[in-house]
Structure formats: C-alpha cells, structure tokens
Amino acid sequence: MELLRDVVVLLHIVGFAVTFGAWVTAAVSRELRFTRTMDYGLVLSLVTGLALAAPWPAGIELNYPKIGLKLVLLVALGAVLGIGSARQRRTGQAVPRPLFVAAGVLSVTAAAVAVLW
Ligand code: HEM
C-alpha cells in the first residue's frame with residue numbers, strides 16, 4: 001500500500017513535470033501557445049492528487065488546507081489553459097502574453113506550495 005502511494009506521488013510529480021515542461025518548451029521557443037501536453041499533465045496531476053487526498057494507508061495525516069489551496073491553483077490553471085486554448089483555436093493566434101505567463105506562474109506556485117508549505 002505504501003509503495004503504491006509512493007508510485008501515485010511519483011505520477012503526481014510527473015504530471016507537474018509534463019505541464020511545466022511543455023510550458024517551458026513553448027516559452028523558450030517563443031511560441032506563446034498552449035498545447036495538449038499541458039492539459040494532459042494537468043489531468044494527471046489532478047487525478048493523482050485527488051487519489052492522494054484520501055487518507056490511505058489508514059492512519060496518515062494530511063494537510064487539507066494545503067491540498068485545498070493546490071486544488072484552487074490547479075482549477076485556476078485549468079481555467080487559464082481552457083480560455084487560452086479556446087482563443088487560440090478561434091483566432092489562430094498565440095495566446096496573449098499575460099495569459100501565457102499566468103499559466104507558468106500558477107504551475108510553479110502550486111509546486112512551491114507543495115514543497116515549501
Ligand atoms: C499543479 C498542481 C500541483 C502540483 C505542482 C503538486 C505538487 C505536488 C508535489 C511536488 C508533491 C510531493 C511533495 C509532498 O508530498 O508534499 C505533492 C503531493 C501531494 N499532492 Fe499535489 N500538486 C498539485 C496539485 C494537487 C491537487 C489538485 C491535489 C488534490 C486535490 C493534490 C494533492 C496532493 C497530496 C494529497 C499529496 C501527498 C501529500 C502526502 O502524502 O503527504 N495536489 N503534490
């Protein structure tokens with residue numbers, strides 16, 4: 001059970017790596033576009049995060065305010081990616097810079113909360 005939890009934590013971190021890695025790739029190539037890779041990473045973070053939010057194996061203590069804040073940040077990131085992707089599809093243009101920056105900041109903020117809180 002404990003090993004299984006560790007594997008889910010690993011997948012949870014992989015989800016972050018996929019989202020943020022895709023964002024950095026776009027930023028470095030100066031293509032301010034949101035990609036499906038970012039969405040996939042976000043879904044992986046969300047599904048694994050929700051699985052980890054249940055107290056298993058029995059007896060572990062969880063920091064629910066911290067988990068709740070990460071959920072809020074992840075939902076906000078989902079909204080930013082959703083709004084940006086929809087605009088991108090409609091206009092064919094890159095997303096507005098502030099929206100692109102917001103996605104990276106939200107992603108890193110969630111990781112900072114996870115590690116520093
Ligand atoms: C982009 C968003 C997120 C990032 C970058 C992130 C990052 C991380 C990282 C690096 C860890 C391992 C370090 C630790 O144990 O604290 C972790 C653990 C965890 N995360 Fe997230 N997370 C995110 C979103 C979420 C969401 C939405 C939930 C639940 C709704 C969640 C629930 C958890 C739980 C329960 C743990 C394990 C804590 C433990 O077992 O002590 N995370 N997260």
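The face of H4 turned away from its buried side carries exposed residues: Arg-97, Pro-98, Ala-112, Val-115 and Leu-116. Helices (H or I, at least four residues) and strands (E, at least two) are DSSP runs, numbered from the N terminus.

This is a predicted model: local features need pLDDT of at least 70, side-chain atom pairs count only at pLDDT 80 or more, and totals for chains, interfaces and linings use all residues. Residues are numbered from 1 along each chain as its sequence is written.

Which residues of H4 are buried? They are Phe-100, Ala-103, Leu-106, Ser-107 and Ala-110. Seen down the axis of H4, these buried residues fall within an arc of 125°, so they line one face of the helix. The arc is that of the directions from the helix axis to the C-beta atoms. The cover over the buried residues of H4 includes H1 and H3. Here, contact means that the C-beta atoms of two residues, placed from the backbone, lie within 7 Å.

The length of H4 fits too. At 1.5 Å a residue, its 20 residues should span 28 Å, and its end C-alpha atoms are 28 Å apart, which agrees. The expected span of a helix is 1.5 Å times one less than its number of residues.

Leu-116 belongs to H4. Leu-116 counts as exposed because it has 6 C-beta neighbours inside 10 Å. Asn-63 is 53 residues away from Leu-116 along the chain, and their C-alpha atoms are separated by 13 Å.

## The whole protein

The protein has four helices and zero strands. Along the sequence, the pattern reads α-α-α-α. The C-alpha atoms fill a box of roughly 50 × 25 × 25 Å, taken along the principal axes.

Of the 117 residues, 23% count as buried. Take the contacts between residues at least 6 apart in sequence: 72% of them join residues at least 24 apart.

H2 has 17 residues and reaches 24 Å from its first C-alpha to its last, close to the 24 Å expected at 1.5 Å a residue. Its buried residues are Met-38, Gly-41, Leu-42, Ser-45, Thr-48 and Gly-49. They cover an arc of only 145° around the axis, which puts them on the same side of H2. H1 and H3 are among what covers them.

H3 has 28 residues. From first C-alpha to last, H3 reaches 40 Å, close to the 40 Å expected at 1.5 Å a residue. Lys-70, Leu-73, Leu-74, Leu-77, Val-80, Leu-81 and Gly-84 are the buried residues of H3. They pack against H2 and H4.

## Loops and backbone details

Where is Arg-30 found? Arg-30 sits in the loop between H1 and H2. Arg-30 has a positive phi of about 55° although it is not a glycine. Arg-30 is exposed, with 7 other C-beta atoms within 10 Å.

Pro-57 lies in the loop between H2 and H3. The peptide bond from Trp-56 to Pro-57 is cis, with omega near -5°. Just after H3, Gly-92 takes a positive phi of about 75°.

## Around the ligand

How many residues surround the ligand? There are 20, and the closest are Phe-16, Gly-49, Leu-52, Ala-110 and Ala-114. A residue counts as near if its C-beta atom, placed from the backbone, lies within 6 Å of the molecule. H1 (2-28), H2 (36-52), H3 (64-91) and H4 (97-116) each supply at least two residues of this shell.

The shell divides into 15 nonpolar, four polar and one charged residue. Ala, Val, Leu, Ile, Met, Phe, Trp, Tyr, Cys and Pro count as nonpolar, Asp, Glu, Lys and Arg as charged, and the others, Gly among them, as polar.

## What the record says

In an unreviewed entry, UniProt lists residues 6-28, 40-58, 64-86 and 98-116 for "transmembrane region". UniProt positions are given in the numbering used here, feature names are shortened, and annotations may be inferred rather than shown by experiment.

How do two of these stretches look in the model? Over residues 40-58 the chain is 68% helix and 0% strand, with end C-alpha atoms 30 Å apart. Over residues 98-116 the chain is 100% helix and 0% strand, and the end C-alpha atoms are 26 Å apart.

Note on methods: Buried ≥ 20, exposed ≤ 12 C-beta atoms within 10 Å, placed from the backbone.
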